[in-house]
Amino acid sequence: MLTAIRGARATLTALGRRRHLTTASSRIQAANTAELSTALDARASYAALAGRSVISVAGVDALAFLQGMQCNDMARALGGGMFTGFLAPQGRMVADAFLYAAANDSFLVEVDARVSERVLKALQFYRLRAKVVIRDASAEHAIWSVWGPDTPSISEAGAAAGAVDSRAPQMGLRLVMSADRSPSLPAHFDERSGGEAQLRRILKGVAEGADDFLPSVAVPLECNLDYMGGVHFSKGCYVGQELTIRTHHRGVVRKRLVPLLLGPMTSPLCADIDASPMGVAPSADVVCVRADDAPRPRRALAPGRLGSVAGNAALALLRIDDVASYQVGAVSFDAVAADGSRVLAMPWIPAWWPQAGQSPATAAAA
């Protein structure tokens, strides 16, 4: 099997030298992973994002209170909004979040609806004597993603709040709209499904929600919270900071979330939102299969873990050394379906990741 994989990979490398890109309503075809990850960027598009909740934190102490509750610097939110994370005291993830500045000393916290109650309870638990009012405002708001050429400003779109989505290049805008309104956009913008927005996010290697940031299990830097600009390493104390700071200063993160395609490799590569995931679901194991002549680790290693899935595309927590070995044909990957069958997986390293010795901010500006 590995011989066939190596031959297919060589063919894809050769195809990558040609500029070939085709897009259809549900299928995206590209010669290589770099083109695949940017295939949807050229469309002026917007999509409503389901499964998101909004928590309101308002009051004269809201800024200082939130500064100690999450792992980014609130100064970044004052210009509109920012990406961040909420951690448990032990340093594991509770939720990734967008945090937006709103009117009158208030802020809006956007999180996955599956963990919103847990975030709300944590905020209320740590409120103590802070002069803030914390409440669930999900019924009042809807979350939208806007991307593509000529994307307007947040105010021009008529949003109650919003932010430039800086998790990866060309992610566009993240908007908080009133529940009964959609963004005000130029006529050439087309509304897309939330599934297409998710596919685009996954192909870029951008983690989001409880499937990727597994509550009480996920380690922030393994989920690329640092690469996506969601953590500030010199802001001061916040809940759960010790593990994150220690991991950062050690400089060793052996596993990270990476994008992959499921199923047989094709030429050109194809991502399809309507494709069946072949029984593979979030949290499924991803097994590294080593070639006969490949060096073996000294001890058995735990399998990787699948994150969010859209059609035949997914994110997975894998050892970076194994992904590098895959790129030279020394290993292959199989995702394990619910019935025990195996589905071929093809991972890659996103092009926007910082290189060795380069900071995430420098990489994003490059």
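**Burial and surface**

I looked up burial and found that 52% of the 366 residues of the protein chain count as buried. Buried means under 20% relative accessible area, exposed means over 50%, and partly exposed lies in between, with a 1.4 Å probe and protein chains only.

**Ground rules and confidence**

This is a predicted model: local features need pLDDT of at least 70, side-chain atom pairs count only at pLDDT 80 or more, and totals for chains, interfaces and linings use all residues. Residues are numbered from 1 along each chain as its sequence is written, and side-chain values use heavy atoms, with hydrogens and water left out.

I checked the pLDDT (the predictor's confidence in each residue, from 0 to 100). The protein chain averages 88, and 87% of the residues score at least 70. Over residues 1-24 the pLDDT is below 50, and this stretch has 44 contacts in the model beyond near neighbours in sequence. Residues 362-366 also have a pLDDT below 50, with four contacts beyond near neighbours in sequence. Contact means heavy atoms within 4.5 Å.

**Fold**

I counted secondary structure next: the protein chain has eight helices and 19 strands. Helices (H or I, at least four residues) and strands (E, at least two) are DSSP runs, numbered from the N terminus. I then took contacts between residues at least 6 apart in sequence; 71% of them join residues at least 24 apart.

I traced an open sheet of five strands, in the order β10-β11-β9-β3-β12, with mixed pairing. Its edge strands are β10 (161-164) and β12 (190-191), and each pairs on one side only. Two strands pair if DSSP finds at least two bridges between them. Strand β3 (residues 45-49) and β12 pair in the parallel sense over two bridges. I looked up Ser-45 and found its bridge partner in β12 to be Asp-190. Helix α5 (residues 194-204) packs on the sheet and touches β3 and β9 (141-147). The direction of α5 makes about 105° with that of β3. Axes are lines fitted to C-alpha atoms, for helices over the stretch in contact, and angles run from 0 to 180 degrees between N-to-C directions.

**Val-323**

I picked Val-323 in helix α7 (residues 320-327). Its relative accessibility is 0%, so Val-323 counts as buried. Leaving aside neighbours within four places in sequence, Val-323 is in contact with Val-258, Leu-318, Phe-333 and Ile-349. I checked the spacing to Phe-333, ten residues apart along the chain from Val-323: the C-alpha atoms are separated by 9.0 Å.

I found a cis peptide bond from Ser-267 to Pro-268, with omega near 0°. Pro-268 lies in the loop between β13 (255-262) and β14 (269-272).

I then looked up positive phi values. Leu-128, a residue other than glycine, has phi near 50°. Its place is in the loop between α4 (116-126) and β8 (133-136). Leu-128 counts as exposed because its relative accessibility is 69%. Met-278 is not a glycine, yet has a positive phi of about 60°. I found Met-278 in the loop between β14 and β15 (285-290). Its relative accessibility is 34%, so Met-278 counts as partly exposed.
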